[in-house]
Every structure is written in structure tokens, then in C-alpha cells.
Amino acid sequence: QVQLGESGGGLVQPGGSLRLSCVASGSILSINSMGWYRLAPGKRRELVATITTGGSTDYGDSVKGRFTISIDNAKRTVSLQMNSLKLEDTAVYFCNTKSRLSYWGQGTQVTVSS
């Protein structure tokens, strides 16, 4: 059984920072990439950032220059450093891991509010 354990969500003021982490555990063979997606009320699921085990990254346009994704292959952990947070970053953030299959975490709430 595969589990993705997410942590780091919370409430932050505009301009603030948060760091999300996700640990993959269980029977996952050959992880290809890990990443984050988000879902806000009334919106479609959106790519935040992904990173391959080789270090190649992809960012959604709305977070480029503000968010940084990193991976620790040995620990099967992906982290997302979120800086200069905006009101529109409020969403549930989901961790995703791709190997032969795609796995999803339960989601962690990020709320940006003054």
C-alpha cells in the first residue's frame, strides 16, 4: 500500500511564506517524479510544480519566481517552498507521485488571508 504524507499547510498573511513537505511510503517502485497540484473553490485542479528524480522542474505560470520545489530521492520526499504568498494561492494542495502509477495525498489546506 502506498501512502503520501503531507505536512506544512496553514494560515499565512499575504506576502508570507510556507513550506510544504510530502513523504512517500510503501511499495512504490522507481519513482519518476513528485509534485504538487492545488484545488481552489470553483476552480479546476492546477499544476503548482513538479520535479523529476533527475532534478528537472516544471512550474505553473502563477507561481513561477515565488515557489521552489525540491526533492530528496533517498528519503522519497518532495518539498515546496512558497514565498510571497498571495490571496489567490489559497487552496488545498495535493502531493502527487508518479511511478508506473500515479498516487495522490489527502491534501493540505493553505489559506492566505489578512
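Because the model is predicted, local features need pLDDT of at least 70 and side-chain atom pairs count only at pLDDT 80 or more, whereas totals for chains, interfaces and linings use all residues. Residues are numbered from 1 along each chain as its sequence is written, and side-chain values use heavy atoms, with hydrogens and water left out.

The description begins with an open sheet of four strands, in the order 1-3-8-7 and with antiparallel pairing. Strands here are DSSP runs of E of at least two residues, just as helices are runs of H or I of at least four, and they are numbered from the N terminus. Two strands pair if DSSP finds at least two bridges between them. Strand 1 (3-7) and strand 7 form the edges, each pairing on one side only. From one strand to the next the twist averages 15 degrees; for such angles, axes are lines fitted to C-alpha atoms (for helices over the stretch in contact), and the angles run from 0 to 180 degrees between N-to-C directions. In general, strands of a sheet pair through backbone hydrogen bonds, either parallel or antiparallel.

The sheet can be followed strand by strand. Strand 1 and strand 3 run antiparallel and are joined by five bridges; Ser 7 has Ser 21 of strand 3 as its bridge partner. Strand 3 in turn pairs with strand 8 in the antiparallel sense over six bridges, and there Cys 22 has Val 78 of strand 8 as its partner. Strand 8 is mostly covered, with five of its six residues buried. Buried means under 20% relative accessible area, exposed means over 50%, and partly exposed lies in between (1.4 Å probe, protein chains only). Another six bridges join strand 8 to strand 7, which also run antiparallel, and Asp 72 stands opposite Thr 77 of strand 8.

Cys 22 also takes part in the one disulfide of the structure, which joins this residue to Cys 95 with an S to S distance of 2.0 Å. A disulfide is counted where two cysteine sulfur atoms lie within 2.5 Å. Cys 22 belongs to strand 3 (residues 18-25) and Cys 95 to strand 9 (residues 91-98), so the bond ties together parts that are 73 residues apart in sequence. The torsion about the S-S bond is about -85 degrees, and the disulfide is therefore left-handed. Both Cys 22 and Cys 95 are buried.

The charged side chains come next. The structure holds four salt bridges, a salt bridge being a side-chain nitrogen of Lys or Arg within 4 Å of a carboxyl oxygen of Asp or Glu. One of them links Arg 66 and Asp 89 at 2.7 Å, N to O. Arg 66 lies in the loop between strand 6 (57-59) and strand 7, and Asp 89 in the loop between strand 8 and strand 9, so this pair ties together parts that are 23 residues apart in sequence. Both Arg 66 and Asp 89 are buried. Salt bridges that share partners join Arg 38, Glu 46, Arg 66 and Asp 89 into one network. Within this group, Arg 38 and Glu 46 meet at 2.8 Å, N to O; Arg 38 is buried, with a relative accessible area of 5%, while Glu 46 is partly exposed at 29%. A further salt bridge brings together Asp 61 and Lys 64 at 3.1 Å, N to O, and Asp 61 is exposed, with a relative accessible area of 66%.

Glu 6, in strand 1, is buried yet has no salt bridge, and the nearest side chain of opposite charge, that of Arg 45, is 11 Å away. The side chain of Glu 6 does reach the backbone nitrogen of Gly 107 at 2.5 Å, and one of its polar atoms lies 3.2 Å from the backbone nitrogen of Gln 106.

Two residues other than glycine have positive phi values. Arg 76 has phi near 50 degrees in the hairpin of strand 7 and strand 8, which has four residues between the strands. Arg 76 is partly exposed, with a relative accessible area of 24%. Ser 84 has a phi of about 50 degrees and is found in the loop between strand 8 and strand 9; this serine is partly exposed, at 42%.

Definitions and conventions:
Lys, Arg positive; Asp, Glu negative; His and termini not counted. Polar contact = N/O pair within 3.5 Å; in protein donor to acceptor, adjacent residues only side chain to side chain.
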